[in-house]
Amino acid sequence: MITMYYALKYLKIKKINMIPKITLITCTYYRPDLLRRAILSVQKQTLQEYEHIIISDHCPFAEMVYDEFSYDSRIRFIEVTDPYVYNLGAIPFNLGIKNAKSNIICYLLDDDIIYENHLEQHYTFYKENPN
């Protein structure tokens with residue numbers, strides 16, 4: 001079994017408290033296999049100063065997937081605690097916005113993956129076009 005130290009060293013992930021340049025919000029509802037794939041695509045980003053908020057909309061499997069990535073301090077897990085309401089993800093996305101540490105917010109659905117330069121492109125565009 002790989003220890004957390006070697007996993008962090010191998011993945012070149014530092015456990016630091018940083019202010020993220022960009023926040024990525026992923027809401028999930030009963031799709032743990034796809035969530036895992038989405039998280040892996042985010043960890044390959046060229047822009048490393050991000051936070052990734054995973055929000056479970058009453059999905060008991062989402063926390064198990066998060067636990068696999070809990071060594072990465074850029075990833076946070078939040079569970080919707082209110083009773084379930086069919087809302088197409090609006091409640092979890094709003095919860096993610098409230099908990100975001102960055103003013104620049106992007107969304108990633110749990111069944112999507114993103115290119116390695118996705119966050120860098122968004123951040124650069126925002127900085128070049130602040131209005």
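A contact here means heavy atoms within 4.5 Å. Among contacts in the protein chain with a separation of 6 or more, 76% are between residues 24 or more positions apart. The model is predicted, so local features need pLDDT of at least 70 and side-chain atom pairs count only at pLDDT 80 or more, while totals for chains, interfaces and linings use all residues. Residues are numbered from 1 along each chain as its sequence is written, and side-chain values use heavy atoms, with hydrogens and water left out.

**Whole chain**

Colour the protein chain by secondary structure. Helices (H or I, at least four residues) and strands (E, at least two) are DSSP runs, numbered from the N terminus. The protein chain has five helices and four strands, and from the N terminus on they run α-β-α-β-α-β-α-β-α.

Now show the surface. Accessible areas come from the Shrake-Rupley method with a 1.4 Å probe, and for residues only the protein chains shown count as cover. The protein chain exposes about 8,400 Å², of which carbon and sulfur atoms supply 56%. Buried means under 20% relative accessible area, exposed over 50%, and partly exposed in between (1.4 Å probe, protein chains only). Of the 131 residues, 40% count as buried.

**Helix α2**

Select residues 32-43, which are α2.

Which residues of α2 are buried? They are L35, A38, I39, S41, V42 and Q43. These buried residues pack against β1, β2, α3 and β3.

**Salt bridges**

A salt bridge is a side-chain nitrogen of Lys or Arg within 4 Å of a carboxyl oxygen of Asp or Glu. By this rule the count comes to five.

Select D110 and R31. They form a salt bridge, with the closest N and O atoms 2.6 Å apart. D110 is in the loop between β4 (105-107) and α5 (118-128), and R31 is in the loop between β1 (22-28) and α2, so the pair links parts of the chain 79 residues apart. D110 is buried, with a relative accessible area of 2%, whereas R31 is partly exposed at 32%.

Next select R76 and E51, whose salt bridge has its closest N and O atoms 2.9 Å apart. R76 lies in strand β3 (residues 75-79) and E51 in strand β2 (residues 50-56), so the pair ties together parts that are 25 residues apart in sequence. R76 counts as partly exposed at 23% relative accessibility, and E51 as buried at 4%.

Then select D72 and R74. Their side chains meet in a salt bridge of 2.8 Å, N to O. D72 counts as buried at 0% relative accessibility, and R74 also counts as buried, at 7%.

**Nonpolar patch**

Patches are made of residues with over 30% relative accessible area and no salt bridge; like charges are joined within 9 Å, and nonpolar side chains (Val, Leu, Ile, Met, Phe, Trp, Tyr) within 5 Å. Select Y29, Y30, F61, M64, Y84, Y86 and L88, which form a nonpolar patch on the surface with about 820 Å² of accessible area together.

Finish on M64. Where is M64 found? It is in helix α3 (residues 62-68). M64 is partly exposed, with a relative accessible area of 49%.
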